[in-house]
Amino acid sequence: MNIKFFLSESESKKSKIGEQEKALSDIIDSYAKKIGFSTEYIEDIVVTDEEHYNQALETYTKANNAPAKGIAEFARTCFHEPEKNVFRSSIVFRTELVESVLAIGKKKSEDLSVDEMSFKYLVYHELGHCLDNKNRKNLACKESEQINKFNINELFEHYSELLLSELAASFFSARAMSPELYQQNMLSVVNGIAGRFKKLDKIKEDYTDKPAHLFKMAMASSSAFWVILVHYSNLIGSRLNNEELSGIQLEVWPEASKISHSLILEFEKMVCLLWNKYPDWQTEDYNFLVNIWKFLGMENGYKFVQNPEGDGVYW
Ligand SMILES: [Zn+2]
């Protein structure tokens, strides 16, 4: 594991991160050990300021010709080309996150504020992605920017991989998720869904029968229901591996119909069964995702259909 810095000169002078390379390396090492992971499966830990963030990401996604898998606001886990069948990952961290985690240092979990806990959790979560990358050796994940045609199968491939990798990363990092942080995350998921539906209503309002608008409508509506399932897979992954969380009721958004509610519970049930087969997941094992996604869309006013001439959405 190498630690690399993408910092402007003035930033590196100002920042003490460079001097704390050893402390960072020790923290990563100790967190990794706690989740049963070894840093020998990490290629690079990259610390970048805002200015170099995109450059760092590009270096780690394009150079290795492998897509990024775990995405968080402050960090992103990228996959390396397999060499000798060993799958290594790299993590790109923002300086703010690293500074916060270094400041936490050896404080006990019970003494951390929810914000501090969330910084610590993010590091665990990205390590969870690295562990999952190593376990599943799965490179098949298309970046959503590469999708330029509305194709239900392609969207399924993209979002199911995202969902499975979030499920696994959340499972492996669950020990660093406190009940307070979990409640806070669940609240932001539930509120985020309401916001997402509002945005969708706006796109619907602005719709004209131009082909570009139809594509936008199809992508926005289909993604909305996938993203809901990805968020719930994060919540479920944490619950599956942390007893303190499993007792907290899984909430749905306030406007959810009875059917939407039962679809989320059904999703949880199926995801738990799926977890039992980890890491040997075959497409047949998670094909149910596409049905739950379709029903969730239908229940909320969008019907997605597959056609040989091109897939479509009705609303
Ligand atoms: Zn993630």
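Predicted model: local features only at pLDDT ≥ 70, side-chain atom pairs only at ≥ 80, totals over all residues.
Which residues of H10 are buried? They are Leu-263, Ile-264, Phe-267 and Val-271. Looking down the axis of H10, these buried residues fall within an arc of 100°, so they line one face of the helix. On the other side of H10 we find exposed residues: Lys-258, Leu-265, Lys-269, Cys-272 and Leu-273. The cover over the buried residues of H10 includes H6, H8 and H12.

Let me take H12 next. This helix runs over residues 288-299, which makes 12 residues, and at 1.5 Å a residue they should span 16 Å. The end C-alpha atoms of H12 are 17 Å apart, which agrees. In H12 the buried residues are Leu-289, Trp-293, Leu-296 and Gly-297. They cover an arc of only 100° around the axis, so they sit on the same side of H12.

What do the buried residues of H12 pack against? There are helices H6 (152-172), H8 (211-240), H10 (258-275) and H11 (283-286), and also strand E6 (303-305). After H12 comes Gly-301, which has a positive phi, near 95°.

Now H10 and H12 as a pair. Their axes are 10 Å apart, and the two helices pack at an angle of about 170°. Angles over 145 degrees count as roughly antiparallel, and therefore H10 and H12 are roughly antiparallel to each other. From H10, the residues in this contact are Ile-259, Ser-260, Leu-263, Glu-266, Phe-267 and Met-270. From H12, they are Phe-288, Ile-292, Phe-295, Leu-296 and Glu-299. Leu-263 and Phe-267 have already come up as buried residues of H10, and Leu-296 as a buried residue of H12.

How do the axes of H6 and H8 cross? They come within 7 Å and cross at roughly 20°. That makes H6 roughly parallel to H8. The crossing of these two helices is right-handed. On the H6 side, the residues that meet H8 include Leu-155, Tyr-159, Leu-162, Leu-163 and Phe-171. On the H8 side, among them are Trp-226, Leu-229, Val-230, Ile-236 and Leu-240.

Methods
Residues numbered from 1 in each chain as written. Helix = DSSP H or I, 4+ residues; strand = E, 2+ residues; numbered from the N terminus. Expected span 1.5 Å × (residues − 1). Buried ≥ 20, exposed ≤ 12 C-beta atoms within 10 Å, placed from the backbone. Arc of directions from axis to C-beta. Contact = placed C-beta atoms within 7 Å. Axes fitted to C-alpha atoms, helices over the stretch in contact; angles between N-to-C directions. Parallel < 35°, antiparallel > 145°, perpendicular 65-115°, else oblique. Left-handed = near helix turned anticlockwise from the far one by under 90°.
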